[in-house]
Amino acid sequence: DDKSCDVVVVGSGGAGLAAAIEAHDKGASVIIVEKMPITGGNTNKASAGMNAAETRFQQQAGIIDHKEWFYNETLKGGKNKNNPQLLHYFVEHAPAAIDWLDEKGIQLNNLTTTGGMSVDRTHRPSSGAAVGGFLISGLLKNINDRGIEVMLDTSVTEIEMKDGRVNAVMVCDEEGTEQRISTKAVIVATGGFGANAQMVTHYRPDLADFVTTNHKGATGSGIALLQKIGAGTVDMNEIQIHPTVEQNTAYLISESIRGGGAILISQQGKRFVNELDTRDKVSNSIIALPEHYAYILFDEQICTQNKAAETYIGKGLAVQAATLAELADKLAIDPESLINTVERYNQYVKQQHDEDFGRTTGMRHPLNQPSFYAIQIAPGIHHTMGGITINTNTEVLDTNAQIIKGVYAAGEVTGGVHGGNRIGGNAIADIIIFGIQAGDQAAAYAKKH
Ligand code: ADP
């Protein structure tokens, strides 16, 4: 019952689906293998959006941006650890990736910002919906329209090499039935390992007690698969903790809420950080508070602009109040302190100058429209920046930086683009930009062999 195709795509998150569509459109026959019962991986959970500079949608909105700014701010946010070649490719191809999605009926024309970015370059759906579900359903429609086969509940357990190139993959379904798929090329798009506590603590013992925002399938199995055929890894200990995670549910409170104007306050009712500093800095400032948690505070205006906020309220994660005094009361915060803090922040919004923490972005309107909401948050494991070594063709490199023929990787399974700290909105950009490239390159390789 063995199958055969030009390109096997391992994983059906954003990277895998984009790669599959592109490889198909370049003439390759493609099979997608997904170990979970559903498609979408961690991408389903992505909330903020997709970063890109010098896009048509920015131009339409009158936003002035430069690729060079995007490059430099990402490098600075990544603590100068980013791989410069990969980062150049990323920044250069981001606008084309926004257009590629648009051509596929996936329009991200609504702009906001995330921590560490100086201008609105995070592209979101116009409805205000979270980007992940929107992206996956749009990509899946394209997969279905093209008749690309998706094998669910099926893991790739081995990549078979012959004479120094890919020959086949072994797969195993949930009943334990094994199958061999012969193929010319493989694209590994299996995501990160943020849900594999053992692997996380192996690289970072200090993260033992943290909750994870990741889906169950984020176990790093693709890294093991590739290491078995000699692949190298980079930055494996660079694991991102996201600052705003509701701890009882491990539910991530999107950075786009802060991008839309929310602030963070301590149990003392005080701001303590530039809320839109990079994720590592904001996380560390929360951990440094005496309670090791904080509250994200927002008002009704932010709710009307961001569907995610409605979701959090619907899930019962937010404390709601008609006045700030009432909110303070419900949170056991000193009301005077909270009111003073918000009034002070509102003054900074008016003058567009934050005298306390130097916040420069997402100061969109004063927080003065009831109801007021607060969600208690603390950091959680969110993204594994490190992973498999690739070049700008998404070719997997072995431990001596030599190309492993016919093997490509894209998305969170790879390392290098984000360096020591990933910027919000750069993961979606990463998976689409390098997913398209992997599809292109694998299809061209398959044609030649
Ligand atoms: P990215 O954001 O890089 O696209 P995601 O986490 O969104 O990554 O998607 C990766 C997908 O790969 C997940 O749906 C996950 O279940 C799947 N996956 C992981 N390991 C395997 C494997 N060995 N075989 C098949 N699918 C896998």
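Predicted model: local features only at pLDDT ≥ 70, side-chain atom pairs only at ≥ 80, totals over all residues.

Visitor: Okay, how many salt bridges does the structure hold?

Guide: There are 23 salt bridges. Arg56 makes one with Asp102, with the closest N and O atoms 2.6 Å apart.

Visitor: Where do Arg56 and Asp102 lie?

Guide: Arg56 is in helix H2 and Asp102 in helix H4, so their pairing ties together parts 46 residues apart in sequence. Helices here are DSSP runs of H or I with at least four residues, strands are E runs of at least two, and both are numbered from the N terminus.

Visitor: Which other residue meets Arg56 in a salt bridge?

Guide: Asp99 does, at 3.3 Å from N to O.

Visitor: Is Arg56 buried, exposed or partly exposed?

Guide: Partly exposed, with a relative accessible area of 35%. Buried means under 20% relative accessible area, exposed means over 50%, and partly exposed is in between (1.4 Å probe, protein chains only). Asp99 is partly exposed too, at 26%.

Visitor: What about Lys26, which side chain does it meet in a salt bridge?

Guide: That's Asp440, at 2.4 Å from N to O. Lys26 sits in the loop between H1 and strand S2 (30-33), while Asp440 belongs to helix H14 (residues 426-448), so this pair ties together parts 414 residues apart in sequence.

Visitor: New topic: which residues come nearest to the ligand?

Guide: Of the 25 residues around the ligand, the nearest are Glu34, Thr43, Val156, Ser221 and Glu412. A residue counts as near if one of its heavy atoms lies within 4 Å.

Visitor: Which strand gives the most to that shell?

Guide: S7, with three residues.

Visitor: How far is the backbone of Ala15 from the ligand?

Guide: A polar backbone atom of Ala15 is 3.0 Å from an oxygen atom of the ligand. For Gly14, a polar backbone atom lies 3.3 Å from a ligand oxygen.

Visitor: And how much of the ligand does the protein cover?

Guide: The protein covers 98% of the 590 Å² of accessible area that the ligand has on its own. Those areas come from the Shrake-Rupley method with a 1.4 Å probe.

Conventions: Residues numbered from 1 in each chain as written. Heavy atoms only, no water. Polar contact = N/O pair within 3.5 Å; in protein donor to acceptor, adjacent residues only side chain to side chain. Salt bridge = Lys/Arg side-chain N within 4 Å of Asp/Glu carboxyl O.
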